[in-house]
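Here are a few friendly notes to read alongside the model. Take them one at a time, with the structure open beside you.

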Amino acid sequence: MRITVLTLFPNWFDGPFGESMIQRGRDNGALEIELVNFRDFATDRHRTVDDAPYGGGGGMVLKAPPLAAALDATAGAPGSEGRAHVIYTSPAGAPFTQRRAEELAKLPRVAIICGHYEGLDQRLIDSRVDEEISIGDYVLTGGEIAAMAIVDAVARLLPGVLGNEAGARDDSIATGLLEAPQYTRPEVFEGRPVPDILLSGHHAKVAAWRARQSEQLTRQRRPDLWQAHQDAKFRK
Ligand code: ADE
């Protein structure tokens, strides 16, 4: 999979994309990440990427032409063959979910535009953006952290990134429920023992305990997920 990230701050990505799982995916060819500074596509002397909004109001708006040129050069022009699926990160987008990550992980080419300032000229969205995604109901200073979250959630689903693919599938949320608590050595920590059942060696009982914990936790903390899980069960 090839992901192109269009940003004014490509250096922000060095840390998260240069270590651990994501780097492994890049090293073994499961994932290619291309960082594009769309300021390089501004044509004026000052390399301007933003301007005051028509109609007044505060803040600055990202101009359409530099982004259009950057997208057409790196993601493909609208209508061209093999063009990337273009995502724009914004608080006004559809909420990002595990299901959406799974769908995106099947695509060969994705481009992500990181927004900034008061937003992006609507005509660029209308002409070039396939999907607007929000990572939650809060406002970040820009779309970079949202792009990182999307790339991370998608990358770990690609074969060759995690190493342990069963892990990705069984994870919390991927199954529709929160994950049961986990324990490792020592057997007693500050007087707190590991639940007996986990030391029993009885695989079926351990699995039943985890399923029960998982259901209880989801019911208590995420009634929305629990309801969706019940509805899905009822439909089956
Ligand atoms: N840009 C600013 N806030 C954002 C959010 N919550 N999700 C995606 N992009 C954003």
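1. Let's begin with E34, which is partly exposed because its relative accessibility is 24%. For these words, buried means under 20% relative accessible area, exposed over 50%, and partly exposed in between, using a 1.4 Å probe and protein chains only. Please keep in mind that this is a predicted model, where local features need pLDDT of at least 70 and side-chain atom pairs count only at pLDDT 80 or more, while totals for chains, interfaces and linings use all residues. Residues are numbered from 1 along each chain as its sequence is written, and side-chain values use heavy atoms, with hydrogens and water left out.

2. Which side chain does E34 meet in a salt bridge? The partner is R2, at 3.2 Å from N to O. This pair joins distant parts of the chain, with E34 in strand β2 and R2 in strand β1, 32 residues apart. A salt bridge here is a side-chain nitrogen of Lys or Arg within 4 Å of a carboxyl oxygen of Asp or Glu. Strands (E, at least two residues) and helices (H or I, at least four) are DSSP runs, numbered from the N terminus.

3. R2 also forms a salt bridge with E32, at 3.4 Å from N to O. Here too distant parts of the chain are linked: E32 lies in β2 (residues 32–37) and R2 in β1 (residues 2–7), 30 residues apart. R2 is partly exposed, with a relative accessible area of 26%, and E32 is partly exposed at 45%.

4. Have a look at D121 and R123 as well, whose side chains meet in a salt bridge at 2.6 Å, N to O. Over the whole structure, the search finds nine salt bridges.

5. Finally, turn to two helices. Helix α8 (residues 203–221) packs against helix α9 (residues 223–235) at an angle of about 120°, their axes 5 Å apart. Axes are lines fitted to C-alpha atoms, for helices over the stretch in contact, and angles run from 0 to 180 degrees between N-to-C directions. The two helices are therefore oblique to each other; under 35 degrees counts as roughly parallel, over 145 as roughly antiparallel, 65 to 115 as roughly perpendicular, and the rest as oblique.

6. Which residues of α8 meet α9? They are E215, T218, R219, Q220 and R221, and they meet P223, L225 and W226 in α9, where contact means heavy atoms within 4.5 Å.
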